[in-house]
Amino acid sequence: MSDNSNAIESVLTETRKFPPPAEFTKHAMISSEQQYEEMWNRAKDDPAGFWGDIAQNELDWFQMYDSVMEGDMPETKWFTGGKINASYNCLDRHLLTWRKNKAAIIWEGEPGDTRTLTYQQLHHEVCKFASVLDKLGIEAGDRVTLYMPMVPELAIAMLACARVGATHSIIFGGFSADAIRDRNNDAQSKLVITADGGWRRGKEIPLKATVDDALADGKSPSVEKVVVVRRTGGDVSMEDGRDLWWHDLMEDAVADRECTHLDSEHPLFILYTSGSTGKPKGVLHTTAGYLLGTMMTSRWVFDFKDEDTYWCTADIGWITGHSYIVYGPLANGVTTMMYEGAPNWPDEGRFWDIVEKHKVNTFYTAPTAIRAFIKWGDNWPQQHDLSSLRLLGTVGEPINPEAWMWYHKTIGAEKCPIVDTWWQTETGGIMLSPLPGVTATKPGSCTKPLPGVVPAIVSEQGEPLEANQGGLLVMTQPWPHMLRTLYGDHDRFIETYFSKFDGKYYFAGDGARRDEDGYYWVMGRVDDVINVSGHRLSTMEVESALVSHESVAEAAVVGFPHDLKGEGICCFVIPKGEIATGDALEAAQKELIAHVRQQIGALATPDQIRFTAALPKTRSGKIMRRLLRDIAAGRESAGDTTTLEDYSVLASLRESDEG
Ligand code: PRX
């Protein structure tokens, strides 16, 4: 099990409980325990009836489906026979209502420039770009890579892809050229949409140059064209016949592109995420189920009001941005904020400045950001009027109770419920979360399953465990917004999520326990995935990057508790030659750090490189990661190279223990 002992200790002793504020409950959409239980029980006992009623009432269909769900998990198909389009449901249908001139997206760039797009204006842009996609020969089913900054054009491109039925594959701007190349090739993308650059802490991130590198020398042979948004105005080279400016294409485009009528199960997007092997997995989500799931979960969890300004601070390059900046809020006709840059630019008060300026009502962020705010000091939020805030959320990693309390007091003024939402790229939408008007919260617990989610805590053998016994988190029933496959590798999909319990359960990869009140406490990953600043990384991916360097013979990578990042990256490296010392040691460490950044991206920057002559292994040759985690965390006499070798003796003693 991945070690998260600090988190486990604190959540085991947590007894504080915060009932939802009466004022909030009075106006909440779901406002009583009984209402929640009725919904939850109906969804469990009659999922087809429950989801079918909602799908009929809440989604707009070109053709009604024949059946709500078909087949058992993992092969369940949803709303088969139906024809639908996500772009229609996020845009066109709102134009028939008073929301036509409501702000859909309020965008703030890092330098302080802002743009507001009403539903009508967003629709106009999306229709135009959809016709551009037509012109570029993009057809339903084609894959399109998006490597873009957080600018409105990113949302426009996504919704335009959805409109014509192209499957988007968004790559977070922190990934390297090599990572883009791999994803282009895996998805066989025909088109890449990017920008000259994006702003981050006052510096220009050279996105187009990185794309050029990913495409150079025929490295991404499927890619035919590159569309470039002008954002920073920086110098870029444009390759004749391949590269096209967004603004040139849009100038002649006509805004009359109707939505393509797509099957419910048409692939909406691929999003690559890290698994326990070195190769990223292309999680595939399909149209109707995903849209329904993100629409309803965001409505229940964020208790949307028509006058809300809702802000999720994630980057759209991650699932949180897909589901809770774009698809969920827009399907509900809500005003969603988008911010381009860093939370500490030009100063550490930037987020609170945005909250005050735009009168943000709901604020959804990650524990890693909260820990940074705590470190920066209360002075920053205190300089701003945060009284517009009504509801706070967190996502991405376990939140330590003290960070939860700080969020509650300093940001929420003890009047805003906190929704700690547990979910994954694969689940598509929120699975476990308080309902803000109903659920009494306990700091550090993501509380209870949403309607339609039937989790269990089981042993390694798949036996259900009693309250307060730590075990593995599984889902026992399918839900509409679950992943359908790993792109191009259905066997790996079955193997990763369903083989552990003979196809009976979806295995999330997290360890958790349920307490005596039925509340869930998620402890962290049980596989070789680490969570660095809320970003998921595979230790194997970092190992592969390290061993691809000419000087490395072998490498083992583990996470360790990190005050700000949640987990840091510690690399144990056996060099091919002698272990360097002094200045040469520092240079060798720097070189490997740069190499990992080049192979994967800045988000995988190692915190520690420790050279060693040997790695502790079992007799069968398996690296004893638990031991390495202890050393990285400083739990045993923090290892210099000699102690590490000593551990290899210990290793053989503990062989049976480690399997
Ligand atoms: O370990 C869990 C952790 O993040 C993992 C999923 O990562 P990713 O697919 O990148 O999606 C992150 C955003 C949805 C999970 O397996 N995780 C996510 N949310 C929480 C969490 N751990 C504890 N509490 C949470 N609220």
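User: In this predicted model, which helix and strands each supply at least two residues of the shell around the ligand?

Analyst: The ligand is surrounded by 17 residues, and Asp420, Thr421, Thr425, Asp510 and Arg536 are the closest. At least two shell residues come from each of three elements: α12 (319–331), β20 (418–421) and β25 (520–525).

User: How many charged residues does the shell around the ligand have?

Analyst: The shell contains six nonpolar residues and six polar ones. The charged residues of the shell number five.

User: Which residue has a polar side-chain atom 2.7 Å from an oxygen atom of the ligand?

Analyst: On the nitrogen side, a ligand nitrogen is 2.8 Å from an N or O atom in the side chain of Asp420. A nitrogen atom of the ligand is also 2.8 Å from a polar backbone atom of Thr421. For the oxygen atom, the polar side-chain atom at 2.7 Å belongs to Arg536.

User: Which residue of β25 is the bridge partner of Asp510?

Analyst: An open sheet of four strands runs in the order β21-β22-β24-β25, with antiparallel pairing. Its edge strands, β21 (455–458) and β25, each pair on one side only. Five bridges join β25 to β24 (residues 506–514). Across this pairing, the partner of Asp510 is Arg525.

Note on methods:
Residues are numbered from 1 along each chain as its sequence is written. This is a predicted model: local features need pLDDT of at least 70, side-chain atom pairs count only at pLDDT 80 or more; totals for chains, interfaces and linings use all residues. Side-chain values use heavy atoms; hydrogens and water are left out. A residue is near a molecule or strand if one of its heavy atoms lies within 4 Å of it. A polar contact is a pair of N or O atoms within 3.5 Å; within protein, one must be able to donate a hydrogen and the other to accept it, and residues adjacent in sequence count only if both atoms are side-chain atoms. Ala, Val, Leu, Ile, Met, Phe, Trp, Tyr, Cys and Pro count as nonpolar, Asp, Glu, Lys and Arg as charged, and the others, Gly among them, as polar. Two strands pair if DSSP finds at least two bridges between them.
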